[in-house]
Amino acid sequence: MNTKHSNIVAAARKYGTPAYIYDGEELVSNYHKLKNALPSCVDVFYALKVNPNMSLVKLLRSKGACTEVCSVTEMEIALKAGSTPQDIIYLGPCKKDYELKRAIELNIFAIVIESENELSRVSKFAEEAGTTVNVAIRINPDFSAEGSPWKMGGRPTQFGIDEKHAIENFGSYLKVPHINIRGIHVYNGTSILDAKSVYENTKYILGLFRTISTRYNAQFTMVDVGGGMGIPYFQNQTALDINEFANLMQPLCNAFHEEFPETRIIMESGRFIIGTAGRMAVEVNNIKINHDKTFVVTDGGTNCHSAAAGSGRVVKRNFPMLNLTASKHATEKEYQVAGPLCSPDDIIGRNIKLKEVKVSDILIVESSGAYGPTSSPGLFHSHGYPSEVLLYKGETHLIRRKDTAKDIMDMQILVDFKAPKPILN
């Protein structure tokens, strides 16, 4: 067992499983890899939606990352982790009044406007606050991001304003009182592994910015080109070629910066930065044979890691998994790796080969840093949220303790139903 794996096992034993265990060096390296592939005129905004743990956000912030948030809670996490309001953008299709008012109070860099109705609401709240609010208009483009398994633009979605409609009506947006439109935001797709696809997507967005700014003679100061860079999860996938990415993106962004030197270019990234830096560790509770299949039952499954269980996918494919505590000379066997839920879908490894598994072994699911616990039904069976641990520079930090029964029950309010009075004959 190598040092990294032994540290993961030690952390899992100490803080309990299921646990998400993050490699701080790998996290920082991934951020620098992306940042260094882009010219200095591009700011990288870490997307808290993929993993909002404040210690991880703080580590990235210490290396220069800005933050993209999708709720008031993520906004507060970003602030507590050291982000300044001028390095925060706030987007999402459903912003409550109190969330918008908090963003206005903080004077963040931009509230990303998803609809004309939302623009009117922000204008109203700005007037009430006696201020002018910086916003960006989110556009749902006619262009669809090739290479993305989850397209968020170029088709009917709840995100943004249709490109044609936005272009035709941008003049009216510019006249809305108490509003300063910094520019535009476009997010076209996610989990993209092809550098050329990211390039074509970015080129289209920069062209859209140019069209609108020229047509309305507007001096914009922001363009958010989205991002969507992914990581390989499955055997037939190849990692994003970061050198090709750099060779394509640098001249494109530099040329745009020369043309619009006062415009801040923003690229969002979450999965690429943190995806490979996280692993879910689970402990084997039971091993059984059922209908000629060997099932390994663990203490973490769909409730902790719905993505590994294939939630939302028609074809269920395995994330990479390892048995870290297998004996040195163990042979591989085929298993079905199940979680603790009373659900037939709670399988995180299907017909997967692992070194021979025994009860109390520690298994890990690789590439689990993004959308692990955040997109999982943590309260299924009231198991609660798993622990989270950061390994960084030779030290082990508990950055979230595992939920206890008390934690879960304390959030509930018990109604005191009095027993019915007996009926007297």
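Predicted model: local features only at pLDDT ≥ 70, side-chain atom pairs only at ≥ 80, totals over all residues.
Local features need pLDDT of at least 70, side-chain atom pairs count only at pLDDT 80 or more, and totals for chains, interfaces and linings use all residues. Residues are numbered from 1 along each chain as its sequence is written, and side-chain values use heavy atoms, with hydrogens and water left out.

Across the whole structure, the search finds one cavity of 30 Å³ or more. A cavity is a set of points, on a 1 Å grid over the protein atoms alone, where a 1.4 Å probe fits but cannot get out; a pocket is an open set with protein on both sides within 12 Å along at least five of seven lines; lining residues have an atom within 4 Å of a point. Grid points are joined across faces, edges and corners, and a volume is the space filled by probe spheres set on the points.

The lining of the largest cavity consists of Lys-4, Ile-8, Ile-21, Tyr-22, Asp-23, Arg-279 and Leu-391. Strand E1 gives three residues, the largest share, and helix H1 supplies at least two. Helices (H or I, at least four residues) and strands (E, at least two) are DSSP runs, numbered from the N terminus.

The second largest pocket is lined by 14 residues, and those closest to its centre are Asn-323, Leu-324, Ala-326, Ser-327 and Lys-355.

| Space | Volume | Elements supplying at least two lining residues |
|---|---|---|
| Largest cavity | About 30 Å³ | H1 (3-15), E1 (19-23) |
| Second largest pocket | About 300 Å³ | E15 (321-323), E17 (347-355) |
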